[in-house]
Amino acid sequence: MPTSNGYRLDESAQRFGRLVAVPEREVRDREALRARLARDGYLYLRGLLPVAEVLTFRRYYFSKVEPVGDDLAGFRRVLFGEVVPGAEYAAFCSQPALRGWFEWFLGGETFLHKRKIIRRTRPGENGIGTATQAHYDLVYLREGTDQVLSAWIPLGDCPVTLGGLTYLEGSHHRVLREEAEGRLKRPAASITADLPGLAEEYDARWLVADYEAGDVVIHTAHTIHAALDNVSETTRLSTDIRYQRADAPVDERWQSDWHDRDNL
C-alpha cells in the first residue's frame, strides 16, 4: 500500500488512480497538449528525454556522492558545492530535448529558473518530514508569472514503490478559482503531510505512475502534488526544474543555486 510521510493512501476507486500519459497522437500537437494541461493540470510525457542522457547523469551523480558514504556533512559539501552548480547538471537541465520542448510548447524564448533541486530518497527514509508534502508551486513563486511550468524528472526508473511524485486529480481547478477569489493566499509552505485527509477534503484521487528513465511530468503552478515514501530497496533520485517564457515576470528570489541553507 502506498504511503507518504507514513500516511497510508486510500486505494479505493474514489481516492486512488493512475496518471494518464499523453497519447502518441497528441505528442506533437501543441494545441491538444495545451488543452490537456488546462484540463488535467499535468502532462505525463513518456520518453521525452534520451534514456542515455538520464542514466549518464545518474551515474555522474552517484560517482560524486558515493565516496562520502553516510557522512552527511560530506554529502552536503559535494551536492551543493560540486553537483548542483556544476556544468553537468546545467547541461542536463538545458539539454535540447527539454529546452527545445519548452520553447515549442510556450511559443517563444524560455527562461530556466536557476533554483533547481535534486532529491535523493533512500530506502527506509519514511515518516513525517521525509517525503515532499502536499503543495502547489505558486505559493513559492508569487513574485513572478503564474504561468511558470515545473518539470519533475525521475533520474532512473521509478516505480511507485520508489516514492515518485503523486498528483491530486483536478486540484488546480479549485486552486485557480480560490486564488482568483482571493480566498487562498497561502504562505510559502506545504499544505499538509496528510494526503488521505486532503483527498477527502477535495473529494479527489491521488494519481500515481510507474515512471521510467526518460519520462518527464510537466505541471502547472496551481496543481497540488506530493511525493510517496520509498518502500523499495533502491535509492530514488529525481530533479525538479522550472521553465517559463523569458518575456514574463520572473520571481527573482529563486535565481540562485539551491544551497545547503535550504531543505533537502
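Colleague: Does Asp203 count as buried or exposed?

Modeller: Buried means under 20% relative accessible area, exposed over 50%, and partly exposed in between, with a 1.4 Å probe and protein chains only. Asp203 has 58% relative accessibility and so counts as exposed. Asp203 sits in the loop between α7 and β9 (206-208); helices (H or I, at least four residues) and strands (E, at least two) are DSSP runs, numbered from the N terminus.

Colleague: What should I know about the model before reading on?

Modeller: This is a predicted model, in which local features need pLDDT of at least 70 and side-chain atom pairs count only at pLDDT 80 or more, while totals for chains, interfaces and linings use all residues. Residues are numbered from 1 along each chain as its sequence is written, and side-chain values use heavy atoms, with hydrogens and water left out.

Colleague: Which helix holds Glu200, and what does Glu200 touch?

Modeller: A contact means heavy atoms within 4.5 Å. Glu200 is in helix α7 (residues 195-202). Leaving out residues up to four places away in sequence, Glu200 touches Asp10 and Arg15. Asp10 is 190 residues from Glu200 along the chain, yet their C-alpha atoms are separated by 9.7 Å. Glu200 is partly exposed, at 47% relative accessible area.

Colleague: How do I read the buried residues of a helix, say α1?

Modeller: List them, then look at the arc, which is that of the directions from the helix axis to the C-beta atoms. In α1 (residues 30-40) the buried residues are Leu33, Arg36, Leu37 and Asp40. They cover an arc of only 100° around the axis, which puts them on the same side of α1. They pack against β4 (42-45), α5 (96-106), β7 (149-154), α6 (171-180) and β10 (216-219).

Colleague: Which residues are buried in α5?

Modeller: Leu98, Trp101, Phe102, Phe105 and Leu106 are buried in α5. Seen down the axis of α5, these buried residues fall within an arc of 110°, so they line one face of the helix. Gly100, also in α5, is partly exposed, with a relative accessible area of 31%. Just after α5 comes Gly107, with a positive phi of about 75°.

Colleague: What is the radius of gyration of the protein chain?

Modeller: The radius is taken over C-alpha atoms, and the globule rule is 2.2 Å times the number of residues to the power 0.38. For 264 residues, a compact globule would have a radius near 18 Å; the protein chain has 18 Å, which agrees. Its C-alpha trace spans about 50 × 40 × 40 Å along the principal axes.

Colleague: How many helices and strands are there, and how much of the chain is buried?

Modeller: The protein chain has 7 helices and 12 strands, and 52% of its 264 residues count as buried. Of the contacts with a separation of 6 or more, 85% come from residues 24 or more positions apart.
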